[in-house]
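Student: I am new to this structure, and I would like to learn how to read its features step by step. Could you guide me?

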Amino acid sequence: MDRSWILGSVILVAVVLFGLRWSTGILSKGPAFDEKYITVPMQNIMSDGWSVQTAIDFEETKGPALIWPYAFFGKMFGGTLNDLRLVSVWCSIFGLAILSWIAVQCSVYRKSLYLVASGWLLLPYNIVFSELVMGEISFLLLSLLAAAAFLWGVQEPAPKSRRFLAPALYCIAVAVALHSRIHVVALAGGICFTAFALQGRRSWPWWVASVIAGLLRIPLWMRWGGLVSPEYQSLHGLGFRVESLSYLAAALVPFVGVFAIEGWRIAKSKVGIVSAFVLGVLLVSVAMPTLFVPDVIDFNTPNERFQGIAASVVKRVTNGSSSQQVALSVLAGFGLAGLVGLWHCRNKAKLIGSITFWTLTFGWLLYAFTRGFVFDRFLLTWAFLLPIVWVRVLSKWLILAQYIMLAAIAAWLTSTWL
């Protein structure tokens, strides 16, 4: 019975995505977002063939695990920009299928699977990136495979063979994802912490699998001499910057802000939520990110960039630097309060709640040790399980309020980019 509901959810997402592809102006539109950069190595492989120069020594911020599938399937579809975009559409559809399977394992059944599918489409930026050539959507597919392997491995009763096969499959998924973008380390941390809380010392296979996956990324790091290819290393790399935490705390609001309300309702103690709100306000007070965005990217003297929904909203509702700081402080407070609220709600969503909380927390903290651009859309790479958490945790009226807000954001982004 669940298979028919999963199939229905997949059909729903496919209808929406292909409907947008054919009804908007995207098929007649030139490169959008980062497409003018990200498609260059793909086009080089399709036109010049596969070689070390085209397939490994290309210049991009993403790794081969993104470039190769798009180049392979994009050429199979025809080789144009719109053919490459079609790869994204199918990645999103397959990603939803895996998400639906995970949802069923988390006791989400029948009509509720349509809410999960709707949440998948409404995740900030997801519906737009499902139509464009961007790094996030194929990365989410790999992350979903890793999460599915973990859930399959910890299901009880589990035969002994699965206890080792599942971590091996998880290791492969994480290793491949690491060759797309480094963001998957937050998911690996979230899964390992969740596994330890569930299994204690018996969780060692997941830790070992994560370490092995990380070690497999070292050869590419050594060849490139950094996290990204040489040309882009002035824009992205390791460092320390509190402003990144300030901005991403504010950017968390559309994803987890609603849990500040639900967490406040069910938490026995409100101290954690209040403290998180105060921390968010203080972060922006002492480390205000600049919201000015230069017109061009200067590879020689790179500028900081904090861009996305949070920055756009703040700049639209304020008219000065001091008011911008106040508005961003409030958003950062609610963002971190929502993250702590998710911690209080995690038991209502079983394992998925814990994985999502730890993944978002580690992802947020990760950016304290990076330099370069910081965009709201980075949070999408850690928030892909939230549609299940929303359905499992939130009351009907909170789900309605959350989806209305997300629908407004999706409509705005769609009209802007598609």
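This is a predicted model: local features need pLDDT of at least 70, side-chain atom pairs count only at pLDDT 80 or more; totals for chains, interfaces and linings use all residues.

Student: At what angle do the axes of helix 5 and helix 8 cross?

Tutor: The axes of helix 5 (residues 81–105) and helix 8 (residues 135–154) come within 9 Å and cross at roughly 20°. Angles under 35 degrees count as roughly parallel, and therefore helix 5 is described as roughly parallel to helix 8. The crossing of the two is left-handed.

Student: Which residues make the contact?

Tutor: On helix 5 they include F94, I98 and W101, while L141, L145 and W152 are among them on helix 8. Sorted by class, the contact of helix 5 with helix 8 has 14 nonpolar and four polar residues, with no charged residues.

Student: How is a pair of aromatic rings described?

Tutor: One gives the distance of the centres and the angle of the planes. The structure holds 29 aromatic pairs, and one of these, W5 with Y114, is edge-to-face, at 5.6 Å centre to centre with 70° between the planes. Because W5 lies in helix 1 (residues 2–23) and Y114 in helix 6 (residues 112–122), the pair ties together parts that are 109 residues apart in sequence.

Student: Is W5 buried or exposed?

Tutor: W5 is buried, with a relative accessible area of 15%, whereas Y114 is partly exposed, at 29%.

Student: Which residues do ring pairs link into a cluster?

Tutor: The cluster is formed by F193, W207, W343, F357, W358 and F362, linked through ring pairs.

Terms used:
Residues are numbered from 1 along each chain as its sequence is written. Side-chain values use heavy atoms; hydrogens and water are left out. Axes are lines fitted to C-alpha atoms, for helices over the stretch in contact, and angles run from 0 to 180 degrees between N-to-C directions. Helices (H or I, at least four residues) and strands (E, at least two) are DSSP runs, numbered from the N terminus. Angles under 35 degrees count as roughly parallel, over 145 as roughly antiparallel, 65 to 115 as roughly perpendicular and the rest as oblique. A crossing is left-handed if the near helix is turned anticlockwise from the far one by less than a right angle, and right-handed if clockwise. Contact means heavy atoms within 4.5 Å. Ala, Val, Leu, Ile, Met, Phe, Trp, Tyr, Cys and Pro count as nonpolar, Asp, Glu, Lys and Arg as charged, and the others, Gly among them, as polar. Rings of Phe, Tyr and Trp (its six-membered ring) pair if their centres lie within 6.5 Å; planes under 30 degrees apart count as stacked, over 60 as edge-to-face and the rest as tilted. Buried means under 20% relative accessible area, exposed over 50%, partly exposed in between (1.4 Å probe, protein chains only).
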